[in-house]
Structure formats: C-alpha cells, structure tokens
Amino acid sequence: MLVIGYLPRPQGVNGEIIMDLHTDFPDRIKSGRRIFIGDKHEAATFDTVRVHGESLLISLRGYDTPEAVGRFRNQWVHVK
C-alpha cells in the first residue's frame with residue numbers, strides 16, 4: 001500500500017472531507033478511484049474530488065453527511 005493523503009477533518013454539510021496530499025502525482029486522484037483508509041485499510045471510493053487551497057476536498061461514495069465521513073478523521077489514505 002502507498003500513502004497518498006491524510007484526512008484531517010470534514011468540511012461543510014455535504015459529507016466532504018479535506019485531504020492533505022502526500023503524493024507527487026495528484027493528477028491520479030480522480031472520481032471513481034478505489035482507496036483504502038486507516039490502519040485497517042477500509043475500502044472506499046472517491047465520489048467527487050476538487051482543489052481546496054493546498055489540499056483537496058473529497059467526498060466518498062455512501063458517506064453523504066459530515067457525521068458519516070467524520071469517522072475517517074485523522075486517518076491516512078492508501079492505494080494499491
């Protein structure tokens with residue numbers, strides 16, 4: 001597994017979360033990409049991805065509230 005980002009906190013009321021980038025290839029981070037979150041590598045899929053300052057603002061399929069996506073707060077994002 002390769003680390004591509006870190007999820008510090010949810011943002012807004014639509015289930016988006018900020019992702020700090022830890023990759024040299026941010027152009028590979030796109031909607032529909034399968035990711036794995038945290039030490040347990042919980043599988044998820046990017047729904048939307050957009051630039052937010054120096055970070056990205058992402059949403060995950062099936063997590064549409066700040067409370068739902070908040071479970072991933074302070075976790076690392078991995079890809080295979």
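Predicted model: local features only at pLDDT ≥ 70, side-chain atom pairs only at ≥ 80, totals over all residues.
A contact here means heavy atoms within 4.5 Å. Residues are numbered from 1 along each chain as its sequence is written, and side-chain values use heavy atoms, leaving out hydrogens and water.

Next, switch to a cartoon view. You will find 1 helix and 7 strands (DSSP runs numbered from the N terminus: H or I of at least four residues for helices, E of at least two for strands), in the order β-β-β-β-β-β-α-β.

Now select Met 19, Ile 35 and Leu 60, the residues with the most contacts inside the largest nonpolar core, which has 17 residues. Such a core is a set of buried Ala, Val, Leu, Ile, Met, Phe, Trp, Tyr and Cys residues joined through side-chain atoms within 4.5 Å, where buried means under 20% relative accessible area with a 1.4 Å probe, protein chains only. Strand S6 gives the most to this core, with 3 residues. Stay on Leu 60 and show its neighbours: not counting residues up to four places away in sequence, Leu 60 touches Ile 35, Ile 37, Ala 44, Thr 45, Phe 46, Asp 47, Val 69 and Phe 72.

Finally, zoom out. The C-alpha trace spans about 30 × 30 × 20 Å along its principal axes, and 39% of the 80 residues count as buried.

Definitions and conventions: Buried < 20%, exposed > 50% of the residue type's maximum accessible area, 1.4 Å probe, protein only.
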